[in-house]
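Colleague: I'd like to learn how to read this model feature by feature. Could you give me the general idea each time and then the case at hand?

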Number of protein chains: 2
Amino acid sequence: MGLQIFGVPGLPEIVPGADLATMIVEAAATAGTPLANDDVVVVTSKIVSKAENRLVELAGIVPSPFAVAWSAEWEKDPAVTELVLRESKRIVRQLGPVLITETRHGFVCANSGIDQSSSGAHGRVVLLPIDSDRSARTIRESFARAGVDAAVIISDTFGRAWREGQTDIAIGIAGMQPIHSYIGQVDPHGHEFRVQALCTADELAGAAELVKGNVSRVPVAVIRGHQWTHDDTATIAPVLRDQSRDLFR
Amino acid sequence: MGLQIFGVPGLPEIVPGADLATMIVEAAATAGTPLANDDVVVVTSKIVSKAENRLVELAGIVPSPFAVAWSAEWEKDPAVTELVLRESKRIVRQLGPVLITETRHGFVCANSGIDQSSSGAHGRVVLLPIDSDRSARTIRESFARAGVDAAVIISDTFGRAWREGQTDIAIGIAGMQPIHSYIGQVDPHGHEFRVQALCTADELAGAAELVKGNVSRVPVAVIRGHQWTHDDTATIAPVLRDQSRDLFR
């Protein structure tokens, strides 16, 4: 009845080339909560990026004159600014030291999602996975080879318009559609639903954050009891609002 | 270990004056899952509004000339448009038939959060609670009188910038702060956190939606196992980004 959400503790520090899926299967089993069919496994993008070697040494980056000038004005590291710009396809807002960009994937977030806090060493940053749906699919396929049919969500921590505080949202998905549509259904009073579609992937990612925390280094959580329809064509694309429909870009 | 999230089934149709908190306590007990200390109880705003008689008969509304003209252009009900405008303190975006407003509380959402789908009768709409923090506090105090020390979140289903699909978020809170701050803490590598503050209230509201659904009419969910610090001064205000800090308003 209902949902259970628990973290997967005991994962080692992730290094490039790590077999993340196998590590998760083993850590969950060791913790006494082995993965099971129909679980939704939410994996923090940071460890995916590390396993995929999306680490960049800042010393090797030659910033553009724009990155140098802007960084000097706002006391930023010009190499980081350069990477933020390289990872973006557009600057959505630029005000003071804040850069809100649209990443090459189509995510709108601060600093192209580049993480300076937890790269394992100073002078290095972590970029988002190149293709976070592919990352999710790879993990899901590896789970399947271990005998577990689980959906996978890659999550990151993003800010929002209008509201303070960040939340974890989905940036990649495999096995289930990210949006649950009510279109055409009617409520108990015979009205069509005002709510047309819920982004359950983002709700699942946020729910997972509640047990992962950001301090305790539990970068994977399992959600058990969520009803989902198996769909191996699923990607995060339906969540990315097309610019033509977007009033805030 | 971890979180449990379950719906509270069996609530009757809520009518004005209903003692919502007592109904929730009784329904949870009847379902075999009585409320317990330290639970977080997430209540859909719609039933709060109904209990507080925030229902409006459209027949009694005289729309302004602007509401009449705009509604004619976009095939909207002018009485609903009038209410949307009355409930707002500003129009944030207006494009085609879409009205994104800032409500008098400070929430940015479509149509001032007015719900046309589930008012219990055609020709009636449901407005947001007048003071959703007060609504949460009232429910929390009533739980306390029933012997249960639970935090309360009032949730609604809002759209977002940039991303398709709506999610449930918090519009009122009692007993716990809505934002968990990491400011000043350092990660395992000695860096200060890039993530400064997480809006756990929104993550809890979204997690609750996963078991409430919008079709099955389970408007209340209980989250058990979440660690929260008791704070009876808490309100949703820290989540509302001040306009001076907002790049999208």
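Modeller: Start with the domains, whose bounds come from an automatic or database domain assignment. Chain A is divided into domain 1 (4-54 + 129-240) and domain 2 (56-126). Their C-alpha centres lie 26 Å apart. As for the ground rules, this is a predicted model, where local features need pLDDT of at least 70, side-chain atom pairs count only at pLDDT 80 or more, and totals for chains, interfaces and linings use all residues. Residues are numbered from 1 along each chain as its sequence is written, while chains are lettered from A and ligands numbered from 1 in the order in which they are written.

Colleague: How many residues of domain 1 of chain A are in contact with domain 2 of chain A?

Modeller: Two residues are in contact if their C-beta atoms, placed from the backbone, lie within 7 Å. By that test, 11 residues of domain 1 of chain A are in contact with 10 residues of domain 2 of chain A. On the domain 1 side, helix H2 (45-51) and strand E8 (151-158) of chain A each give two or more residues; H2(A) gives the most, with three. Helices (H or I, at least four residues) and strands (E, at least two) are DSSP runs, numbered from the N terminus.

Colleague: Which residues have the most contacts inside the largest nonpolar core?

Modeller: In soluble globular proteins, nonpolar side chains tend to be buried together. A nonpolar core is a set of buried Ala, Val, Leu, Ile, Met, Phe, Trp, Tyr and Cys residues joined through C-beta atoms within 7 Å. Buried means 20 or more other C-beta atoms within 10 Å of a residue's own, exposed means 12 or fewer, and partly exposed is in between, with C-beta atoms placed from the backbone. Here the largest core has 136 residues, and A:Val42, A:Ile153, B:Val42 and B:Ile153 have the most contacts inside it. Of the 249 residues of chain A, 50% count as buried.
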